[in-house]
Amino acid sequence: MELRLIKVIERYFTSTGIYEKYIVYWDANVLHVINKETLEEEHVFENTFGGSVYRNFLYIAEQDFTESVFDLSGKKMIKRHEIFFDNTRRIKNMQIGSFYAHTAQIDEDGEQYFFKYDLALNKLVYKGPANNYSWLALNEDFYLSWFHVRKYKTGGVLKVNGLQNSVVWKFVWAELGSYMDWDYIHPPVWKERKCYNMYYMDGMVFLSVSKGVVALAAETGKQLWWVDFNTTEKTTLRFDVKPNHLSFADGKIYIRDWRQFVSIDMKTGEILMRKKYIDFKVGNEIIRGTLDDGVKIHNGKGYFVLDVQAELYLTSLDLKTGEISIECELPDVKDQVSAENIHFEGNRLYLRDNASFLYVYEVTE
């Protein structure tokens, strides 16, 4: 793979602003809109703290707690409203679907609300109390929400009917049992499980938890399978899998942590591969671990950026064999890149580093 750098965007304080026709990013209360074809800036909006594109309309979150909508094709503001903010304090996790937009929000008194907005009618069709604002929409009425109870040091996930504000089912991940944690200074200790991320796909809910992955039926909350990578042998603790991030492709789940690569059958939970990739070479340097985790899947490979003595490399894992390949060096990238901030699209590659620079490359396979 060969890369040619064609654009660097500074102060790119977002990781999700790459759309079909536009790159949208927020920089110190200013929202920028860049045409993806020309890579030239088309629009600038001040006094904002975020925005997203849907059907050629830019939804702008403004600092006066209102939501503006800008017609990108007609290049004009077509309406201003208070749909999502409703004169309250802050918006949380807006998700836009085919017909409706959903959001959860906290008002001035700290109360949480669930909103449903009809995009075609430009009308708010529902507002009601929300069980929690850390959530993931399943369909037009139901969403998933996780909770954490500090008093009991535990947590779980709920399926919630947003229109009725009722809990359909609840799963507590502490019921999976404790796990053995360790570091180089302290001795191994037993701890309660924590949840890192929640995913929904093909009627199933997947939770990445401390040293394990659990699959639930979205309809009923029934546990379908549970993969526990935890061990208790002190000599093998450092080789336990830490599944902070999950990637999905071709009916499989892929996990890469700092020392190994794992694939799991999405339907059954069967471990298809578990391959340690420590002690591979980059030039004359022996690599015994990586600094971050996760992969971005593209053309049958899982990509991540490898940091070797401050030299960065675009690196790939073969999803079938687990073999590592160094695709190319990244001399222009200033800081480390998380796998979630790698974005392939056509003959373009977008990389966002931890220093908030977005690099746009032309790719030749």
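Which residue takes a positive phi in the hairpin of β20 and β21? Lys211 does, with a phi near 55°. The legends below describe a predicted model, in which local features need pLDDT of at least 70 and side-chain atom pairs count only at pLDDT 80 or more, while totals for chains, interfaces and linings use all residues. Residues are numbered from 1 along each chain as its sequence is written, and side-chain values use heavy atoms, with hydrogens and water left out.

**View 1**
Helices (H or I, at least four residues) and strands (E, at least two) are DSSP runs numbered from the N terminus. Strand β21 spans residues 212-217 and is mostly covered, since six of its six residues are buried. Buried means under 20% relative accessible area, exposed over 50%, and partly exposed in between, with a 1.4 Å probe and protein chains only. Gly212, Val214 and Leu216 point one way from β21, whereas Val213, Ala215 and Ala217 point the other way, and all are buried. Two strands pair if DSSP finds at least two bridges between them. Strand β20 (residues 204-209) runs antiparallel to β21 and is joined to it by six bridges, with Val213 as the bridge partner of Ser208. Two residues lie between the strands of this hairpin. On the other hand, five bridges link β21 to strand β22 (residues 223-228), again in the antiparallel sense. There Asp228 of β22 stands opposite Gly212. The hairpin of β21 and β22 has five residues between its strands, and Gly221 in the turn has a positive phi of about 80°.

**View 1. The largest nonpolar core.**
A nonpolar core is a set of buried Ala, Val, Leu, Ile, Met, Phe, Trp, Tyr and Cys residues joined through side-chain atoms within 4.5 Å. The largest one holds 17 residues, of which Leu314, Leu330, Val333, Leu349 and Leu351 touch the most other members. Two or more residues each come from β30 (301-308), β31 (311-318), β33 (342-345), β34 (348-352) and β35 (358-364). The largest share, three residues, is that of β35. Another core, of 16 residues, lies apart from it and includes Met204, Val213, Trp225 and Met266. In soluble globular proteins, nonpolar side chains tend to be buried together.

**View 2. The surroundings of Leu314.**
Contact means heavy atoms within 4.5 Å. When neighbours within four places in sequence are left aside, the residues in contact with Leu314 include Met1, Leu3, Tyr303, Phe304, Leu330 and Leu349. Ser325, Ile326, Glu327 and Cys328 are also among them.

**View 3. The sheet of β1, β35, β34 and β33.**
These four strands form an open sheet in the order β1-β35-β34-β33, with antiparallel pairing. Its edge strands are β1 (2-9) and β33, each of which pairs on one side only. Neighbouring strands are turned by 25° against each other on average, direction ignored; axes are lines fitted to C-alpha atoms, for helices over the stretch in contact, and angles run from 0 to 180 degrees between N-to-C directions. β33 and β34 run antiparallel and are joined by four bridges, and the bridge partner of Phe344 in β34 is Leu349.

**View 4. The sheet of β23 to β26.**
A further open sheet of four strands has the order β23-β24-β25-β26 and antiparallel pairing. β23 (247-249) and β26 (271-276) stand at the edges with a single partner strand each, so one side of each is left without a neighbour in the sheet. From one strand to the next, the twist averages 15°. Five bridges pair strand β24 (residues 252-256) with strand β25 (residues 260-265) in the antiparallel sense, and Asp265 in β25 is the bridge partner of Lys252.

Most residues other than glycine have a negative phi. Asn47, in the loop between β4 (41-46) and β5 (48-54), has a positive phi near 55°. Asn47 is partly exposed, with a relative accessible area of 47%. Lys75 lies in the loop between β7 (67-71) and β8 (76-81) and has a positive phi of about 55° although it is not a glycine. Lys75 is exposed, at 55% relative accessible area. Asn165, with a positive phi of about 50°, is in the turn of the hairpin of β15 and β16, which has four residues between the strands. Strands β15 (residues 154-161) and β16 (residues 166-172) pair in the antiparallel sense over six bridges, and Val160 stands opposite Val167 in β16.
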